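These are my notes from a first look through a structure that was new to me. I went from one element to the next and wrote down what I looked up.

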Amino acid sequence: MASVFKRGGKKNRGGSYYVSWVNHHGKRETKSTKTTDKATAERIGAKLEADAALRREGVIDPTLDDISTQSQRSIESHLADYESKLRAANRTEKHIVSTTNFIRWIAEHAGFKTAADISADGVNRYAGKLRDEGRAARTIQAHLNAIKSFTKWLTEHHKLPRDPLASVKKPNPNADRRRERRR
């Protein structure tokens with residue numbers, strides 16, 4: 001059964017209640033209920049304890065539950081982690097800055113706030129906008145590579161249940177070659 005208590009002794013008589021329960025891993029957790037009503041705090045404690053029991057019994061999959069929580073984080077918070085991944089992979093500073101900027105521009109244009117908001121339609125609209133502006137296929141491909149690698153990373157690290165951009169096709173840079181490089 002969850003324990004309901006106040007912290008701070010006599011100084012905290014008007015403060016909020018805390019609840020302590022055993023999670024699905026068997027470890028004790030403590031959390032503020034942010035309420036001064038003891039009955040409400042007891043109901044919150046009972047709910048947390050019931051959810052932990054459902055996870056222990058396998059009714060609720062903790063992995064899917066964690067993916068759901070991760071997908072609601074902001075794109076900026078995920079980008080900070082992704083940037084750390086790029087640094088650990090020994091990418092150049094120029095590559096890191098351009099990749100994260102491309103992802104930010106696409107997210108801003110498409111209106112993506114959280115990782116769960118990312119959709120193929122928004123990315124395709126952004127690619128169409130670049131095409132309408134007269135950008136080369138290689139430029140569009142670079143932008144799409146950035147966002148597609150980001151969503152693939154999100155999926156592989158259990159921050160999204162599936163890759164929302166798996167269906168997005170990149171343009172062929174050879175079809176619209178603006179500059180011929182020496183070989």
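**Helix α5 and what follows**

I note here that the model is a predicted one.

I then went back to α5 itself. Does the distance between its ends agree or disagree with the 18 Å that its residues should span? The helix covers residues 120-132, and 13 residues at 1.5 Å a residue should span 18 Å. I found the end C-alpha atoms 18 Å apart, so the two figures agree.

Next I asked which residues of α5 are buried. I listed Ala120, Gly122, Val123, Tyr126, Ala127, Gly128 and Leu130. The cover over these buried residues includes α4 (93-110) and α6 (137-156).

**Helix α6**

I read off 20 residues and a reach of 28 Å from the first C-alpha to the last, close to the 28 Å expected at 1.5 Å a residue.

The buried residues of α6 are Ala137, Ile140, Gln141, His143, Leu144, Ala146, Ile147, Lys148, Phe150, Thr151, Trp153 and Leu154. I noted that Lys148 is one of the buried residues. The elements that cover them include α3 (75-88), α4 and α5.

Most residues other than glycine have a negative phi. I therefore wrote down two residues that go the other way.

His158 is not a glycine, yet its phi is positive, about 55°. I placed His158 in the segment after α6. With 45% relative accessibility, His158 counts as partly exposed.

Asn90 also has a positive phi, near 65°, and is a residue other than glycine. I placed Asn90 in the loop between α3 and α4. Is Asn90 buried or exposed? Its relative accessibility is 68%, so Asn90 counts as exposed, the cut-off for that being over 50%.

**The strands**

Strand β1 (residues 3-6) runs antiparallel to β2, and four bridges join them. Across this pair, Phe5 stands opposite Tyr18 of β2.

How many bridges join β2 to β3? I found five, between β2 (residues 17-22) and β3, again in the antiparallel sense. Two of the partners I wrote down are Arg28 in β3 for Val22 and Lys31 in β3 for Val19.

β2 and β3 form a hairpin, with five residues between the strands. In the turn I found Gly26, whose phi is positive, about 90°.

**The largest pocket**

I looked for open space next. Rolling a probe the size of a water molecule over the atoms shows where empty space is left. The largest pocket holds about 260 Å³ of space.

Which residues lie nearest the centre of the largest pocket? I found Trp21, His24, Glu29, Arg55 and Asp65, out of a lining of 13 residues. I sorted the lining into four nonpolar, three polar and six charged residues. β3 (28-32), α1 (38-57) and α2 (62-71) each give at least two residues to the lining.

I looked up Arg104 in helix α4. The relative accessible area of Arg104 is 29%, which means partly exposed, since buried would need under 20%. Apart from neighbours within four places in sequence, Arg104 is in contact with Glu76 and Leu79. I also took the separation from Ile60, which is 44 residues away along the chain: the C-alpha atoms of Arg104 and Ile60 are 34 Å apart.

Where is Ser74? I found Ser74 in the loop between α2 and α3. Ser74 has a relative accessible area of 34% and is therefore partly exposed. Setting aside neighbours within four places in sequence, I found Ser74 in contact with Lys113 and Thr114. For Ser74 and Gly8, 66 residues apart along the chain, I noted 34 Å between the C-alpha atoms.

Conventions. Residues are numbered from 1 along each chain as its sequence is written. This is a predicted model: local features need pLDDT of at least 70, side-chain atom pairs count only at pLDDT 80 or more; totals for chains, interfaces and linings use all residues. Side-chain values use heavy atoms; hydrogens and water are left out. On a 1 Å grid over the protein atoms alone, a cavity is a set of points where a 1.4 Å probe fits but cannot get out, and a pocket is an open set with protein on both sides within 12 Å along at least five of seven lines; lining residues have an atom within 4 Å of a point. Grid points are joined across faces, edges and corners, and a volume is the space filled by probe spheres set on the points. Ala, Val, Leu, Ile, Met, Phe, Trp, Tyr, Cys and Pro count as nonpolar, Asp, Glu, Lys and Arg as charged, and the others, Gly among them, as polar. The expected span of a helix is 1.5 Å times one less than its number of residues. Buried means under 20% relative accessible area, exposed over 50%, partly exposed in between (1.4 Å probe, protein chains only). Contact means heavy atoms within 4.5 Å. Two strands pair if DSSP finds at least two bridges between them.
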